[in-house]
Amino acid sequence: MKTLKQQAKDIIKERYGSVFPPSFIAQHFCAYYDKNSFEWLAKFLSENIQQNAKILDIGSGLGAAVLSLSNAGFCAVGVEKHMECAKLSKQRFEHQIKIDTKQKKFCLGEAHSLPFKTASFDCAL
């Protein structure tokens, strides 16, 4: 059985293999997949908006930003149009998050038709 990281790598290869050479994907994949790859964003937002702000990540991909923001104390939610990415993000979140939460963190949706009420979030990425 493949690990979550290998499943994610397969998704990236399938989606972007015709655009980027394999060496580029291999070089940049680990940095993107790493749950700490968005710590800079969490730091920036911590300095500029309230700590418990609700943040929506539109096009959340494999969930790296939502993981970093959630670990920093934000209520972060990812919306992704590709089912396999949303499913993998949810699994990653359940394995890697440092806090205990029952809140739904990832869902299917598209930017032009978000599955949330107006003004549900304080910030969108």
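Here is a short tour, from the whole chain down to single side chains.

**Before you click.** This is a predicted model, in which local features need pLDDT of at least 70, side-chain atom pairs count only at pLDDT 80 or more, and totals for chains, interfaces and linings use all residues. Residues are numbered from 1 along each chain as its sequence is written, and side-chain values use heavy atoms, with hydrogens and water left out.

**The whole chain.** Helices (H or I, at least four residues) and strands (E, at least two) are DSSP runs, numbered from the N terminus. Along the sequence they follow the pattern α-α-α-β-α-β-α-β-β. Of the 125 residues, 35% are buried; buried means under 20% relative accessible area, exposed over 50%, and partly exposed in between (1.4 Å probe, protein chains only).

Now select the strands. In what order do the four strands lie in the open sheet? They run β3-β2-β1-β4, with parallel pairing. Two strands pair if DSSP finds at least two bridges between them. At the edges sit β3 and β4 (123–124), each pairing on one side only. Zoom in on β1 (residues 54–58), which pairs with β4 over two bridges. Pick L56 there, and its bridge partner in β4 is A124.

**The helix across the sheet.** Next, select residues 64–71, helix α4, which lies across β1, β2 (75–80) and β3 and runs at about 170° to β2. Axes here are lines fitted to C-alpha atoms, for helices over the stretch in contact, and angles run from 0 to 180 degrees between N-to-C directions. Seven of its eight residues are buried, so α4 is largely enclosed by the rest of the structure. Among them are A64, V66 and L69. Just after α4, look for G73, which takes a positive phi of about 100°.

Select E80 in strand β2. Is E80 buried or exposed? It is buried, at a relative accessible area of 8%. Its side chain reaches the backbone nitrogen of G61 at 2.7 Å. Leaving aside neighbours within four places in sequence, E80 is in contact (heavy atoms within 4.5 Å) with residues including S60, C85 and C107.

Then jump to K105, in the loop between α5 (83–96) and β3 (106–108). K105 is buried too, with a relative accessible area of 6%. A polar atom of its side chain lies 3.2 Å from the backbone oxygen of A76. Beyond its neighbours within four places in sequence, K105 touches V66, S70 and F93, among others.

**Last stop: the rings.** How many aromatic pairs does the count come to? Two, where rings of Phe, Tyr and Trp (its six-membered ring) pair if their centres lie within 6.5 Å; planes under 30 degrees apart count as stacked, over 60 as edge-to-face and the rest as tilted. Show F116 and F121: they form an edge-to-face pair, 5.0 Å centre to centre with 85° between the planes. F116 is partly exposed at 29% relative accessibility, and F121 is partly exposed as well, with a relative accessible area of 22%.

Note on methods
A polar contact is a pair of N or O atoms within 3.5 Å; within protein, one must be able to donate a hydrogen and the other to accept it, and residues adjacent in sequence count only if both atoms are side-chain atoms.
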